[in-house]
Amino acid sequence: MFRTILTAALAFLAAPAFANDSVAELGTGGLILSRSDAVAMESEDLFISPEKVTVDYVFRNNTDKDVDAIVAFPMPDIEGDPNEMPAIPEAQSDNFLGFEVAIDGVDVKPQLEQKAFALGIDITADLKAQNVPLYPFGDAVKAALAKLPKAVAEDWENRGIIIEDTADDGSGMQTVYAPFWQLRSTYWWRSTFPANKAVHVSHRYKPSVGGTSSVSFYYDGKFQGQYDTYKTRYCMDDAFENAVRKAAKANPDGYPKYFESRIAYILTTGGNWASGSIGNFKLTIDKGSAKNLVSFCGDNVRKVGATTFEVTAKDFYPEHDIDILLLEPSDGNGG
């Protein structure tokens, strides 16, 4: 969805634009266990690209008794603010990241827990009473809000559940009610970890890729704007910055012909297993195209392919999240 939006935006851009053409990424992480004293994580193999995130775990129950636990995958919170534009991979579905999970190679159908909030108050029952989907995006919620009784709509507007949104739908300016609530979603399932055995758990989903239709930290011949923030968040090094300068010099307009893509992975939600550390940790980041530029923070990063980079560690304790900045050519030649 974001690429479609950027393609349309770039058709009208002759110079950098920033806040008004940005799409926000939604930070997403890994699995959480309900038991942390018996089950250790022997290994985690994490792969992140603009197209997919895959995680392969090996858990081991080091005790002499089977352990029954709840395993959860928290989806990122999303808000139905019509003035914001988060990057949603599956815009018409409750499973808006396309989450899938398997245990020892067998697909699992997890349960989905969802609750809606407005001003911090649980309004799930209000929405269900009016047959309004909890998921605040997609055609179904628009159709349901259009059918609200006037008294209910006025009450919900006063309570911050919905908001009036005026926009041109192609036939002139129209005012409709739009969601203004927050949705919290968690996939979960029950799992047994047999005594003194390893259990392989793998899951995958489509990442929320945010971005901006131009480079927000270099323009007018120098690094500025978001530069200080990005320098810290993405650990931009000299080679990365020199590539940005080179791209700017190659463009007669003087700004680098790239657009930004951003991915956020919440690694610090982990650690809720025996010892809190990961026996063997491997992170692979694929920048998608050899023509793309990538920057992220990591120790002992190795380039292992034309587009892939790898970080490995033993007895790894997750202390920092992973933020990835991609610069993709905006001239249509990113292939």
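The buried residues of helix α5 are covered by elements that include β18 (222-223), α6 (238-250), β19 (258-266), β21 (293-296) and β24 (322-329), contact being taken as heavy atoms within 4.5 Å. The model is a predicted one, in which local features need pLDDT of at least 70 and side-chain atom pairs count only at pLDDT 80 or more, whereas totals for chains, interfaces and linings use all residues. Residues are numbered from 1 along each chain as its sequence is written, and side-chain values use heavy atoms, with hydrogens and water left out.

Helix α5 spans residues 227-234, of which Y227, Y230 and Y234 are buried (under 20% relative accessible area; exposed is over 50% and partly exposed in between, with a 1.4 Å probe and protein chains only). Viewed down the axis of α5, the buried residues fall within an arc of 65 degrees, so they line one face of the helix; the arc is that of the directions from the helix axis to the C-beta atoms. Exposed residues D228 and T232 are carried on the face turned away from the buried side of α5. C235 follows α5 and has a positive phi, near 55 degrees. Helices (H or I, at least four residues) and strands (E, at least two) are DSSP runs, numbered from the N terminus.

An open sheet of 8 strands with mixed pairing is ordered β9-β8-β15-β5-β4-β20-β23-β22. Its edge strands, β9 (106-108) and β22 (302-303), each pair on one side only; pairing requires at least two DSSP bridges between two strands. Strands β4 (residues 39-48) and β5 (residues 53-61) run antiparallel and are joined by 9 bridges, with I48 opposite V53 in β5. Strand β5 also pairs with β15 in the antiparallel sense, over 8 bridges, and Y57 has V201 of β15 as its bridge partner. Strand β8 (residues 100-103) is joined to β15 by 4 antiparallel bridges, where I103 stands opposite V201.
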